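Please read them alongside the coordinates.

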Amino acid sequence: MNAETNSGLARFDLASLAPKDDRYAVLRDLIPEAFAELELDLESVRRALGDCVLDPTTERYGLSWPGKGAATVALQEPTVACLRPDPACSREPEAARDILIEGDNLEVLKLLQRAYHGKVKMIYIDPPYNTGNEFIYPDDFREGLASYLEFTGQADEGGRQLSANAETSGRYHSNWLSMMYPRLALARNLLRSDGVIFVTIDDHEVHNLRLLMDEVFGPENFVASCIWQKIHTRKNSAQQFSANHDYVLVYGKDGQQWRPKLLPRTAAVDDEYSNPDDDPRGAWSDGPVQARNYYSRGTYAIGCPGGRVIAGPPSGTYWRVSEEEFWELDRDNRIWWGPDGNNVPRIKRFLTEVQAGLVPQTIWPHSEVGHTQRAKEDLLARVTFESSDSVFDTPKPVGLIERMLRLATDANGADIVLDFFAGSGATGEAVWKLNAEDDGDRRFVLVQLPEPTGYDDYATVAEITRARLDGAADALQAGHPTLVDGPPVGFRTYYLAESNFRVWNTHSAVGEDGAVSLFADGTAEGATGEGIVAELLLKAGFELIADVDQVDVAGVEANSVADGQLLIVADGQLTLEAVEAMVAMEPALILVLDRCFGDDDELKVNTMQTVRAANQGVGANITLKVV
């Protein structure tokens with residue numbers, strides 16, 4: 001679209017943010033001399049950094065694959081799509097704070113950049129494992145939305161098909177990496193500075209995924225590679241090894257500073273504490289006095305109460321405390337000598353003095369987080385399938401995702417949890433379940449492609465996701481009576497679609513004769529008021545759950561977003577009186593559809609002057625743009 005109207009009023013940019021724009025802004029702030037006539041001058045960057053930038057032609061360590069350049073272009077290419085609300089497929093849409101989005105996650109992640117940038121506390125994804133049978137997303141970065149619309153039957157077919165990534169393909173790993181790279185890069189932008197991402201993966205791509213995430217997040221932000229025991233039985237039919245595990249890769253936005261929360265103490269752990277000497281301080285467990293680290297004052301002899309003399313610590317170790325500290329602990333009855341007083345001494349640690357939780361380990365046994373069979377049971381408890389064949393194949397257990405939520409989120413932090421490979425919707429159920437347990441206010445954003453299942457009961461995976469959330473909401477409200485009196489458990493559904501506005505771009509505006517025809521400004525066919533408001537508030541940087549109120553402003557109906565921070569005028573005839581009234585409300589941004597000015601160019605000029613005068617006269621900071 002044009003940058004401004006004939007009157008000089010600026011137009012609102014309907015395209016999503018490109019990641020490079022944010023980075024350019026940071027670089028321009030740090031090294032302003034590197035930009036000449038708004039273009040980046042790499043030689044100036046070299047000089048500003050003391051000529052320490054490596055020659056780009058020199059070889060260096062890193063991950064490369066055929067198609068990486070195209071994947072980078074796919075990352076940077078903005079989208080002019082929108083997310084349209086679907087109340088009919090929602091549950092409690094007026095009050096719900098959780099979001100389910102049906103669409104290609106690459107396009108959706110681009111649309112979330114303005115409103116959710118730096119706001120997501122935790123991301124969990126379970127991407128296709130690239131076993132040769134699972135669905136892979138081949139992105140056409142030039143026409144991402146067009147490809148998606150064809151795939152979902154919303155546009156005529158153009159010969160592009162989405163299919164399995166056969167291992168016989170010469171670019172088996174490359175195709176998978178090209179699919180993952182732009183999605184991970186966009187997801188990183190959404191994480192808070194104290195945010196973290198968990199990714200489940202198997203042996204087929206864990207090595208490549210680790211290198212890819214090192215590139216996207218930085219190797220210094222790697223936190224852990226956890227082992228999830230996904231199968232609890234031995235497969236005697238296995239030709240080589242019975243594979244019982246998957247991996248959970250963990251990266252922080254700032255891995256050096258991110259710390260996991262402690263896990264709740266279990267009865268089994270507390271049962272390890274006892275009180276054989278009837279110590280009035282209660283149950284205790286014992287730990288060794290010796291350690292392997294060298295300690296210059298840790299080589300003394302110890303005389304036991306039973307008469308035995310220990311010449312020093314066991315070979316290759318040192319007492320972890322000095323002799324003075326040791327006997328001070330003994331006087332406080334914190335040394336255990338064994339029932340006859342002649343054992344190698346051990347330090348007593350009282351249950352009342354240990355930390356309230358457990359430090360997480362990198363081995364996640366099925367007994368703690370669930371296994372694949374349990375995951376199927378979780379799903380079947382929420383969704384009824386017509387046959388065993390139509391059951392979703394690869395759900396994850398709710399307990400596995402609960403473990404991640406306990407490590408990464410706060411009960412009362414209004415933390416946003418994102419899953420853009422939502423699958424069966426287990427992440428949504430896990431968020432609700434943990435909220436019900438600790439009275440939390442976590443909220444989720446789930447994204448799922450409407451991938452065809454080939455079955456009639458649930459034609460797409462997105463339909464299974466919705467059914468799972470509906471079933472989980474019913475079960476939670478039935479099992480937790482307090483939820484009935486509180487905010488309703490529900491979700492708002494949106495689907496990826498073309499913009500509600502006629503947006504000019506180089507692909508859709510070129511006719512069969514090769515001529516470019518600019519659209520007249522206006523809304524697209526099928527646009528609704530609710531859809532227009534949803535598109536504009538998201539693209540203006542407001543979350544999808546932002547409060548929207550209809551207000552009368554000097555006889556003109558407007559939508560007030562987030563207590564008046566944003567005003568949207570989508571219908572009716574605008575007047576100068578209404579403009580003055582809106583300016584008096586001092587919103588940060590006013591968006592007016594071009595049609596609301598009618599053919600009155602003088603009104604546009606007066607509108608611009610009114611906003612300018614308010615900003616200069618009363619020190620306001622109001623932006624008004626035409627859509």
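1. Contact, as used throughout this note, means heavy atoms within 4.5 Å. By that criterion, and leaving aside neighbours within four places in sequence, Gly 341 is in contact with Cys 304, Pro 305 and Gly 306. Gly 341 sits in the loop between β15 (335-336) and β16 (346-350); helices (H or I, at least four residues) and strands (E, at least two) are DSSP runs, numbered from the N terminus. Its relative accessibility is 11%, so Gly 341 counts as buried (buried is under 20% relative accessible area, exposed over 50%, partly exposed in between, with a 1.4 Å probe and protein chains only). Arg 308 is 33 residues from Gly 341 in sequence, with 8.4 Å between the two C-alpha atoms.

2. On provenance, this is a predicted model, in which local features need pLDDT of at least 70 and side-chain atom pairs count only at pLDDT 80 or more, while totals for chains, interfaces and linings use all residues. Residues are numbered from 1 along each chain as its sequence is written, and side-chain values use heavy atoms, with hydrogens and water left out.

3. Strand β6 (residues 191-201) has eight buried residues out of eleven, so the rest of the structure largely encloses it. Two strands pair if DSSP finds at least two bridges between them. Strand β5 (residues 120-125) runs parallel to β6 and is joined to it by five bridges; within this pair, Ile 125 is opposite Val 199. Strand β8 (residues 245-252) pairs with β6 in the antiparallel sense, over six bridges, and Gly 252 in β8 is the bridge partner of Val 196.

4. How do α3 and α7 pack, in angle and in distance between axes? Helix α3 (residues 68-76) and helix α7 (residues 172-190) make an angle of about 35°, and their axes are 9 Å apart. Axes here are lines fitted to C-alpha atoms, for helices over the stretch in contact, and angles run from 0 to 180 degrees between N-to-C directions. The α3 side of the contact consists of Lys 68, Ala 71, Thr 72 and Leu 75, which meet Ser 178, Tyr 181, Pro 182, Ala 185 and Leu 186 of α7. By class, six of these residues are nonpolar, two polar and one charged (Ala, Val, Leu, Ile, Met, Phe, Trp, Tyr, Cys and Pro count as nonpolar, Asp, Glu, Lys and Arg as charged, and the others, Gly among them, as polar).

5. A nonpolar core is a set of buried Ala, Val, Leu, Ile, Met, Phe, Trp, Tyr and Cys residues joined through side-chain atoms within 4.5 Å. The largest such core has 59 residues, and Leu 83, Ile 101 and Leu 184 have the most contacts inside it. Helix α7 gives the largest share, ten residues. Beyond four places in sequence, the contacts of Ile 101 include Leu 83, Val 108, Leu 112, Val 445, Tyr 494 and Leu 544. A second, separate core has 41 residues, among them Val 553, Leu 567, Leu 603 and Val 626.

6. Helix α6 (residues 144-151) has six of its eight residues buried, so it is largely enclosed by the rest of the structure. The buried positions are Gly 144, Leu 145, Ser 147, Tyr 148, Leu 149 and Glu 150. These buried residues pack against β4 (99-102), α4 (105-111) and β21 (492-497).

7. Five strands form an open sheet with mixed pairing, in the order β22-β23-β24-β25-β26. Strands β25 (residues 589-592) and β26 run parallel, joined by four bridges, with Ile 590 bridged to Leu 624 in β26. Helix α17 (residues 529-539) lies across β22, β23 (556-561), β24 (566-569) and β25, at about 145° to β24. Helix α18 (residues 576-584) also packs on the sheet, touching β22, β23, β24 and β25, and its direction makes about 130° with that of β22.

8. Within that sheet, β23 is mostly covered, with five of its six residues buried. The pairing of β22 with β23 is antiparallel over six bridges, and Asp 552 stands opposite Glu 557. Their hairpin has two residues between the strands, and Ala 554 takes a positive phi near 50° there. Strands β23 and β24 are also antiparallel, joined by three bridges, and Asn 559 stands opposite Ile 568. The hairpin of β23 and β24 has four residues between the strands, and in it Ala 562 takes a positive phi near 55°.
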